[in-house]
Amino acid sequence: MPSSPETEATRAIEDYMRALNNRDDSHLLDLLHLPHIRISGAGVKIYTSRKQLEEEYLAEFYERAGTEWDHTDLDSVEVLHISEQKVHLFIQWTRRRNDETAITTQQALWVMTEIDGIWGAQARSSFAPA
């Protein structure tokens, strides 16, 4: 029996966080559908190619996370809307230092889509800076 869109979308975001924390950049990028849209407090960024994700997305993340960042906890996931190929997730995450103290906690809306049988993040919106 196939899993529900809600289960698959949630699994994809959990997999994304595992890849992020394991510094598995290749797998992390596999979980971002193109074009990938990031809406932050500083504006909108649209990534249109895998090369752009490799060259810009990862560098931008590590710059935002800062040198003290060790890992990110996915604090909560709430499903807001569901269709067969798209799920809106409202999440909360916390960036942490290696001693488990929090650097920042943010909330975001992630739009997860299924393309060619693969669930991944198509767009994200938060009020996080930059």
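Buried means under 20% relative accessible area, exposed means over 50%, and partly exposed lies in between, using a 1.4 Å probe and protein chains only.

## About the model

This is a predicted model, in which local features need pLDDT of at least 70, side-chain atom pairs count only at pLDDT 80 or more, and totals for chains, interfaces and linings use all residues. Residues are numbered from 1 along each chain as its sequence is written, and side-chain values use heavy atoms, with hydrogens and water left out.

Helices (H or I, at least four residues) and strands (E, at least two) are DSSP runs, numbered from the N terminus.

## Salt bridges

A salt bridge is a side-chain nitrogen of Lys or Arg within 4 Å of a carboxyl oxygen of Asp or Glu. The whole structure has nine salt bridges. One of them joins Glu68 and Arg97, whose closest N and O atoms are 3.2 Å apart. Glu68 sits in the loop between helix 3 and strand 3 (71–82), and Arg97 in the loop between strand 4 and strand 5, so the pair ties together parts that are 29 residues apart in sequence. Glu68 is partly exposed because its relative accessible area is 48%. Arg97, with 23%, is also partly exposed. Salt bridges that share partners also join Asp30, Arg50 and Glu54 into one network.

Glu8 and Arg11 form a salt bridge at 2.7 Å, N to O. These two are three residues apart in helix 1, so about one helical turn separates Glu8 from Arg11. Asp15 and Arg18 form another salt bridge, with 3.8 Å between the closest N and O atoms.

## Strands 5 and 6

Strand 5 (residues 102–115) contains Glu114. Strand 5 and strand 6 run antiparallel and are joined by eight bridges; two strands pair if DSSP finds at least two bridges between them. In this pairing, Ala108 stands opposite Ser126. The hairpin of the two strands has two residues between them, and Asp116 there takes a positive phi near 55 degrees.

Strand 6 also pairs with strand 1 (residues 32–40), in parallel, through four bridges. The bridge partner of Leu32 in strand 6 is Ala121. Strand 6 (residues 118–126) is largely enclosed by the rest of the structure, because seven of its nine residues are buried.

## A buried charge

Glu114 is buried but has no salt bridge, and the nearest side chain of opposite charge, Arg11, is 12 Å away. For charge, Lys and Arg count as positive and Asp and Glu as negative, while His and the chain ends are not counted. The side chain of Glu114 does reach the backbone nitrogen of Gly117 at 2.4 Å.

## The nonpolar core

A nonpolar core is a set of buried Ala, Val, Leu, Ile, Met, Phe, Trp, Tyr and Cys residues joined through side-chain atoms within 4.5 Å. The largest one has 27 residues, and Trp110 is among those that touch the most other members. Helix 1 gives the most to this core, with seven residues.

Contact means heavy atoms within 4.5 Å. Leaving aside neighbours within four places in sequence, the contacts of Trp110 include Tyr16, Val87 and Ala121. Val87 lies in strand 4 and counts as buried because its relative accessibility is 0%.

Key: Polar contact = N/O pair within 3.5 Å; in protein donor to acceptor, adjacent residues only side chain to side chain.
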